[in-house]
2 protein chains.
Amino acid sequence: MTTADVQINPNRLLEDFNELTEIGATAAGGVNRLALSNEDLEARAWLADRFIDAGLVVRDDDAGNLSGVLPSTLPGARTLLLGCHLDSVPDGGRYDSSVGAVAALECARAISEARIELPFHLEVIDFTDEEGCWQSLFGSRALTGTLTETYTSDKNADFGPFRAALFRAGIRPSDIHKARRAPQTLMGYLELHIEQGHRLDQSGVDIGIVTDIVGRTTYDLTFYGEASHSGTTAPEQRRDALLGAAAYICAAHQLAREEFPAGTFNCGDLQVLPGAYNIIPAEARLTMECRHADKDRLADMETALIRLAQELVAAHNLSVNVKRVIHMPTAHMAEPFVEAIANACRRLDVSCMPLVSYAGHNAQILCDFTATGMIFIPSVGGISHSPKELTEWRHVVIGTEVLLSSILQLATSTTPSSCTSE
Amino acid sequence: MTTADVQINPNRLLEDFNELTEIGATAAGGVNRLALSNEDLEARAWLADRFIDAGLVVRDDDAGNLSGVLPSTLPGARTLLLGCHLDSVPDGGRYDSSVGAVAALECARAISEARIELPFHLEVIDFTDEEGCWQSLFGSRALTGTLTETYTSDKNADFGPFRAALFRAGIRPSDIHKARRAPQTLMGYLELHIEQGHRLDQSGVDIGIVTDIVGRTTYDLTFYGEASHSGTTAPEQRRDALLGAAAYICAAHQLAREEFPAGTFNCGDLQVLPGAYNIIPAEARLTMECRHADKDRLADMETALIRLAQELVAAHNLSVNVKRVIHMPTAHMAEPFVEAIANACRRLDVSCMPLVSYAGHNAQILCDFTATGMIFIPSVGGISHSPKELTEWRHVVIGTEVLLSSILQLATSTTPSSCTSE
């Protein structure tokens with residue numbers, strides 16, 4: 001049997017999808033399967049059973065990442081990871097949390113059944129807490145050794161419930177560091193995911209080949225003015241922190257739109273003190289983030305947005321405190337993986353387009369560690385993280401076929417070099 | 001003895017002020033004397049003792065308003081109220097809550113000692129909860145019969161603690177309506193207060209003669225957009241409630257400044273849902289107020305501000321819900337009272353200027369009920385509702401002298417007709 005004869009079984013794929021999306025199903029038609037919850041653990045047990053049924057080697061690591069491995073007989077073979085996550089956001093949809101798992105399972109099963117000898121171990125891996133119910137991208141951070149102690153214990157936060165949930169799932173916080181792998185044991189990382197945006201859906205293209213994942217930086221900006229009587233304070237003596245923050249929100253959106261059209265900008269929250277009708281606001285704390293696929297442009301964007309805040313507070317007789325809260329660097333997919341996916345699409349006669357991912361993924365963590373690729377399938381209306389999340393079933397099938405074909409492309413090509421990233 | 005010989009005793013006034021401001025004194029040099037608190041009740045007991053020492057008739061009504069009366073022997077005499085309040089805002093200053101009380105007490109005492117026969121009963125009255133720790137202008141609303149049941153019980157609010165505080169102060173919520181007076185028993189209402197603004201202080205004038213108190217309307221404006229992923233949502237699909245609210249805050253301040261320069265406008269609070277870095281805000285609830293001394297201009301201002309909100313939400317693809325929360329009508333002081341105060345200043349050779357009050361006062365409630373006048377003395381730097389609140393002692397003395405002289409002016413002039421107000 002040659003690689004050209006390997007086929008996925010769409011009926012079995014649908015059966016798996018239906019079984020898996022029953023676990024944590026909500027009345028609204030979505031899935032509620034928070035990381036380490038009963039539903040998440042039940043889904044893992046289900047997946048482990050499917051691994052056993054398929055004759056894969058089941059393993060789990062000290063961060064709770066669950067794998068089914070199809071070993072290669074090649075001496076010194078490295079591992080190609082097929083990533084997925086079973087956890088969902090609260091009241092999420094059926095596709096974000098399930099498509100990647102059933103597709104990766106089906107590919108490993110099809111190759112195993114076809115008795116194809118791969119030059120690498122093929123490992124389907126479910127990562128713990130991708131969505132960040134407790135700590136965003138927890139499992140992939142553990143595997144790459146980038147999980148410090150502050151992720152499970154921090155003097156300034158109550159991590160007791162998180163540690164209890166880890167224990168309940170059989171994960172000892174003190175042993176998480178043992179989940180770290182040696183990068184030279186890996187050949188690469190590949191994942192099928194829904195786009196969560198509307199570009200594929202709107203353009204009628206079946207497959208998105210991810211080229212980059214945007215970098216993301218979040219800030220807390222606190223504007224300080226002076227509380228004073230709203231009726232008796234003279235206009236020229238007003239030092240209104242909320243007015244300053246509002247002017248900033250408008251100007252920052254305009255700046256981002258005009259000067260950084262390839263990036264995204266969001267102000268997600270604003271809190272005001274003391275917060276009464278008749279008191280001029282003394283303090284306004286703004287929560288904002290910016291994303292860009294180009295790390296230099298992201299840095300420029302951050303610099304411009306902070307400079308804007310400083311200019312505006314000077315004009316409004318206020319002061320501002322700037323706190324950089326989270327930074328996720330931009331990630332670039334490995335060229336051989338992008339090519340393998342493109343070749344797979346050509347071979348299957350499936351339409352495809354390169355895409356930048358504006359959402360975060362485990363690939364963003366893995367990319368610093370090993371060669372990485374991602375395949376996107378369309379989200380109807382671009383809706384995600386919602387019970388209304390929908391991907392047409394034919395796209396799940398096409399995506400799984402492209403994933404299988406990409407694996408086989410990688411098997412026949414030279415072992416790719418490590419991905420570039422910053 | 002003639003009225004020209006009546007004098008206040010500045011030493012006794014200072015002694016009273018020092019004793020009274022000890023009650024609820026804070027480390028920061030201010031006063032914390034919330035309505036119905038132990039400190040407020042202690043201050044009332046102190047004032048009742050001073051009434052007794054001065055030979056005044058002590059009375060209290062069913063809303064907890066405490067009075068010391070110097071009765072007139074004239075048959076059918078009406079009453080001139082000398083208003084004050086002993087309660088403070090949280091961590092307030094020493095002058096807002098104390099100057100009016102010691103000044104009114106000193107005037108009644110001086111007239112009593114001089115054995116001057118007034119053609120009206122003179123009643124020093126401390127009103128319950130002027131500042132609105134529980135319900136703003138509670139005592140004056142009760143006296144004028146404008147306090148409905150919703151002020152002490154409301155299905156949508158927990159008024160249990162308020163009712164408990166009333167009971168503890170000896171006030172039965174079910175009897176508050178008995179505090180209502182008949183307007184024909186009153187001759188008028190006069191109050192000395194600190195300005196709480198900077199106009200007197202900046203212009204070096206000793207006395208402000210209040211001509212009007214601004215009307216005030218408060219609104220809750222809720223802007224509705226749609227929650228969505230901050231990274232993957234296309235710019236043209238963003239329906240950002242916070243961006244709409246921010247644009248409104250900027251535009252509304254500009255509109256108020258340019259088109260209603262004699263009014264004031266404030267946005268005091270803003271709350272955002274769901275309030276995360278990476279979610280486009282679905283809801284932004286804004287708390288705002290406008291004030292104007294001219295009732296027609298206030299109505300125009302409200303109309304313009306609501307129209308602006310409706311225009312902006314249309315432009316931002318949002319919707320808005322407008323809720324008018326509180327309306328306090330504009331109030332006009334009675335011409336004979338304004339004249340009596342002006343004559344008093346002339347007679348005492350004290351500088352004075354007419355002023356509009358941008359803060360609310362019990363006079364605003366009384367004005368619909370009886371002829372009303374207010375005397376302002378300077379606030380250093382315009383600071384109020386703060387431990388930094390300061391009025392130079394000489395201004396407290398001058399204000400008390402003007403208050404005494406105004407009472408005597410009113411005693412010699414014709415009984416004034418009822419004030420005009422809307």
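Which residue in β9(B) is the bridge partner of Asp269(B)? The partner is Thr287(B).

## Basis

This is a predicted model, in which local features need pLDDT of at least 70 and side-chain atom pairs count only at pLDDT 80 or more, while totals for chains, interfaces and linings use all residues. Residues are numbered from 1 along each chain as its sequence is written, and chains are lettered from A in the order in which they are written.

## The sheet of chain B

Chain B has an open sheet of four strands, ordered β8-β9-β7-β10 with antiparallel pairing. Strands (E, at least two residues) and helices (H or I, at least four) are DSSP runs, numbered from the N terminus; two strands pair if DSSP finds at least two bridges between them. β8 (264-273) and β10 (319-328) of chain B each have a single partner strand, so one side of each is without a neighbour in the sheet.

β8(B) pairs with strand β9 (residues 283-292) of chain B over nine bridges. Helix α8 (residues 295-315) of chain B packs on the sheet and touches β7, β8, β9 and β10 of chain B; contact means heavy atoms within 4.5 Å.

## The two copies

Note on methods: Heavy atoms only, no water. Axes fitted to C-alpha atoms, helices over the stretch in contact; angles between N-to-C directions.
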